[in-house]
Amino acid sequence: MDLKEKLKKSLGLLKKYEWLLDAYVLDFYLDDHWSKLPENWQVDLENIPLENLAELLLHEDHDLQSKWPEELVELQHELQKLCISRAPKNKDENSFPCPLLDHPKLKHMFLKRVKPKKQHEIARMAEICALSHRQSPVDFVVDFGAGVGHLARILGYGYGLRVCCFEMQPDLNKQAAEIDLKLESMAAKHLPPDETSHFQRPVHLTQRLESGTQPELFLSSIRDALQLKDYHFRFGIIGLHPCGNLGPTLMRMFLGCPQATFLNFVGCCYQKMTTRGTQPRDQVHGYPLSRFLHDKPESQLSYEAREISCHALEVYHDRLRSGDYEHLRIHSLRAATERIIVQQFPELRHCALRNVKYSPGMTFHHRYFRRAVQGTRFESLDSRTLSNQQTETDLANWRRIVSFYTLRLMMAPLVESIILYDRCLFLTENGCEVHIEAIFDPRLSPRNHITRAVKSQH
């Protein structure tokens, strides 16, 4: 099945189940989402143990073991065929480890104050970018949204690549430069001179990349930052989790700069993208990008669909499988809260509340609700408003909301695949060789697909 056919079938399947994808779990009780499920689904879901729901979230080479409705079985088979794999391949095939990340004295300088999730991402992303440089040599790479420079530091000091960091926050660039100097000082103490001769200190540029930034201005900025004499250079563009529209903006900048040779980025926050149909046609948007989907009304992805596509599928699967149900009740508590609020204040639907982490034995009335509404006008609601038969019925049906959320999460990889297929087509239509694959452990990094593009040689 070619890419266009796969994208067409994916959109058809999404259209069939958009009623499920577009249903906010927040409104589960208020809008009676349970009644929207086919009756045979309702019956089976009521009778299947919650841990068996985990079967629905395994899309790869896995047959359902429980007695599920035939339509659900068919849906999972279609998802297996259409969705991009979320399982990283054996990285030994493309291994290019950085020795300094294992140095007993220096490794902490590369990953200081970095959470394990981010350490995993930075090390693997750096490895792939170094491989891209080996396959398509460039004079330097530009790291967008570089933060305090963790990725750039591994590339510059670990792999000897010249890096220009694009970061809009001056404080982060200041911190990055300070860490660079500390690392160089540590390296001078613990490494012989011949092992530091390849070091390239990253250049930190305080600048914001807008969707309307012209390639000429961008090229001028990096030429000045790197103190280059002319525009006869080649570079790669990289980005680790550029948010929302920034991913598509990197793609457009890559295509707009003749000097740009390769592109590597892992996107995130799809719900923050602007989409065609939600803004004037002449404005730049993040989806769809390809000519193939340009005027297809069926290509539209709702905010709710894009939002669920960013959730942690594998973590939820593990909690179901392990019987860790108590944590999953949090959606039920929030949905019960929403019904109470809207009944009292109909105009205040979907108000932002405080995030409350579930803890064992958490009660709705005295712990969850009071913490969630702290600092809002809803604090004034009395206990009689909270304690009623409807709320008790809602809270007793928490297993239904777990089942419903699992069904929505089952569809999440399809939405992400549609977005990634569109990006792949967009780059291909503009003369690039494109490869998309999972590179991170999805349990650590839910957004784990890298888009790699190289301009075709003519």
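Which residues is Arg 153 in contact with, leaving aside its neighbours within four places in sequence? I found Met 109, Phe 110, Val 148, Gly 158, Ala 176, Ile 179, Asp 180, Leu 183 and Pro 202, with contact meaning heavy atoms within 4.5 Å.

Ground rules, for the record. This is a predicted model, where local features need pLDDT of at least 70, side-chain atom pairs count only at pLDDT 80 or more, and totals for chains, interfaces and linings use all residues. Residues are numbered from 1 along each chain as its sequence is written, and side-chain values use heavy atoms, with hydrogens and water left out.

Back to Arg 153. I placed it in helix α7, residues 150–158 (helices are DSSP runs of H or I, at least four residues, and strands are runs of E, at least two, numbered from the N terminus). Arg 153 counts as buried because its relative accessibility is 0%; buried means under 20% relative accessible area with a 1.4 Å probe, protein chains only. I also noted a polar atom of the Arg 153 side chain 3.3 Å from the backbone oxygen of Ala 176.

Then α7 as a whole. I counted 9 of its 9 residues as buried, so α7 is largely enclosed by the rest of the structure. Its buried residues pack against α5, α6, β1, β2, α8 and β4. Just after α7, Gly 160 has a positive phi of about 75°.

Last, the cores (buried Ala, Val, Leu, Ile, Met, Phe, Trp, Tyr and Cys joined through side-chain atoms within 4.5 Å). The largest nonpolar core has 81 residues, and Val 402 and Leu 414 have the most contacts inside it. Helix α17 (398–429) gives the largest share of this core, 18 residues. I logged a second, separate core of 37 residues, including Phe 110.

Notes
Buried < 20%, exposed > 50% of the residue type's maximum accessible area, 1.4 Å probe, protein only. Polar contact = N/O pair within 3.5 Å; in protein donor to acceptor, adjacent residues only side chain to side chain.
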